[in-house]
Amino acid sequence: MTDGQLLIAGEWVPGAAGRVEEIRSPYDGHVVGQAAVADASDADEALAAAERAAAIWRETPAHARMDVLMRAAALVDQRVEAIAALLSAENGKTITEARGEVGRAGDMIRLAGFEGTQLYGDTLPLDANRGTGLDKVGFTLRQPCGVVVAITPFNYPSLLVLHKVAPALAAGNAVVLKPARATPLTALALARAFTDAGLPPGVLNVLTGSGGALGDVLVSDPRVRKVSFTGSTAVGEHIARTAGVKKLSLELGASCPVVILPDADIDAAATAIAAGGYINAGQVCISVQRVITHPRVHGDLVDALVPLVEAIRYGDPSQDGTRLGTLISETEARRVERVLRAAVDAGATMLTGGQREGAVVTPAVVDDVDPVAPLNTDELFGPAVAITTAEDWTTAIAYANSTAYGLGAGVFTKDVSAAVRAMRQIDAGVIHINWTPLWRADLMPYGGLKASGIGKEGFRTAVSEMTEEKTIILHGEPW
């Protein structure tokens, strides 16, 4: 059992202070399990264990590291149903979405394991430099960073843990994982699969508890060479100020736009938005938050979209037919409710939804939202889509680029020239043509521009970012 325990140096142990806290369902408040509340002394132990283990794991051949990850993947495959039930209970995500998320986990680990064996270097054409002939050979060599701190959010307790932990391990690093305080149990279940697969002690350590108490201790420690964080822009900025000289990957906030041009397939756009705005109750960095339509197709889009949103079944996340569960807490649901109410008070029109019961907010469509309203400019992280009209392409692009963020965007059009302009002119890390931003393949580079962060995830890219590059010059006798 991992209930109320930390993973440090290969052992499941209580926190130094002996404190535990209950993890409760955001839907009905029942106790899902217990998590230890780690403190700074636990963090120090975990970092010391990781430092010792990193020296061993980096000397382990890539094929042997891959073997461990393959065994872990097979164990996760066997445990999908149990981990999915745990994830749904602690997160409030529907059981269908939880099964889909955990169902990807084994393949994610396998993909990371493979990419960890493919760390190629480059040869350097040194003789292109004046004064240097063919007497020198240059090339690059990658090695693990050493100790990686991974800090993960509540919204995808399996997927986002593995997007950090799996490539870090595959590249030969030791990891100290700090999962979200609200959803630690899924992370502990995944960690158990790695330890059961034979991962050496200390290569993966898991600390649960308060981010406020643990975050600065972890990210500022000089033993840490890499920090990978997913969460809010405010916390990401704090990490950047606190971490010191080390590698950072920061996947931060967003307010993703979707532009609907006059020639778009409106039914296809509406169907995609009705999925992309409400999966995981809108608690997704790449959720559709802003829809920017041309006046000529605005009415048709609204007519197509609203019935699709009204058909989304919400409520008990444990029921197979439920498509929209809870937000992570009633506090978050109240915040989303206030933002929606403020938009309406400022002149927008609530076409459907927006009511709150406990931690559930009914799926909302808000029309005629001012481009500078907080519902457009700030990250909502809730089940609502804001619609704004733009008279022409220049205005639509200006609206799309008008927030501090730049994670994902979508454009619906049949015009190749318009699609090319969108690729060139929209400032976002991932741009989808004829789909919404809410689509991600685990192997693709993923990350944002502007306040949406620095660095990229996606297993090939992440494995590379979990390493440091050396340049090697072999000097021979002059010819």
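A: **Strand 11 and what surrounds it**

Strand 11 runs antiparallel to strand 23 (residues 453-454), and two bridges join them. Here helices (H or I, at least four residues) and strands (E, at least two) are DSSP runs, numbered from the N terminus. Two strands pair if DSSP finds at least two bridges between them. The model is predicted, so local features need pLDDT of at least 70 and side-chain atom pairs pLDDT 80 or more, while totals for chains, interfaces and linings use all residues. Residues are numbered from 1 along each chain as its sequence is written, and side-chain values use heavy atoms, without hydrogens or water.

Ser 228 has Ser 249 of strand 11 as its bridge partner. Between strands 10 and 11 the chain passes through helix 9 (residues 233-242), and this β-α-β crossover is right-handed. That means the path from the first strand over the helix to the second runs clockwise, with the strands pointing away from the viewer. In general, strands of a sheet pair through backbone hydrogen bonds, either parallel or antiparallel.

Is strand 11 mostly covered or mostly open? Strand 11 (residues 247-251) is mostly covered, with four of its five residues buried. Buried means under 20% relative accessible area, exposed over 50%, and partly exposed in between (1.4 Å probe, protein chains only).

Now step to helix 16. Ser 464 is in contact with Lys 247, and also with Leu 119 and Arg 142, leaving aside its neighbours within four places in sequence. Contact means heavy atoms within 4.5 Å. Ser 464 sits in helix 16 (residues 459-465). Ser 464 counts as partly exposed because its relative accessible area is 24%. Arg 323 lies 141 residues from Ser 464 in sequence, and their C-alpha atoms are 36 Å apart.

A salt bridge is a side-chain nitrogen of Lys or Arg within 4 Å of a carboxyl oxygen of Asp or Glu. By this rule there are 25 salt bridges. Arg 460, at 55%, is exposed. In general, side chains of opposite charge can pair when their charged atoms come close.

Other salt bridges lie within one helix. Arg 335 pairs with Glu 332, with the closest N and O atoms 2.9 Å apart. The two are three residues apart in helix 12 (residues 330-345), so about one helical turn separates them. Arg 335 is partly exposed, at 21%. Arg 341 pairs with Glu 337, here with the closest N and O atoms 3.6 Å apart. These two are four residues apart in helix 12, so they too are separated by about one helical turn. Glu 337 is buried, at 17%, whereas Arg 341 is partly exposed, at 42%. Salt bridges with shared partners join Glu 330, Arg 334, Glu 337, Arg 341 and Arg 356 into one network.
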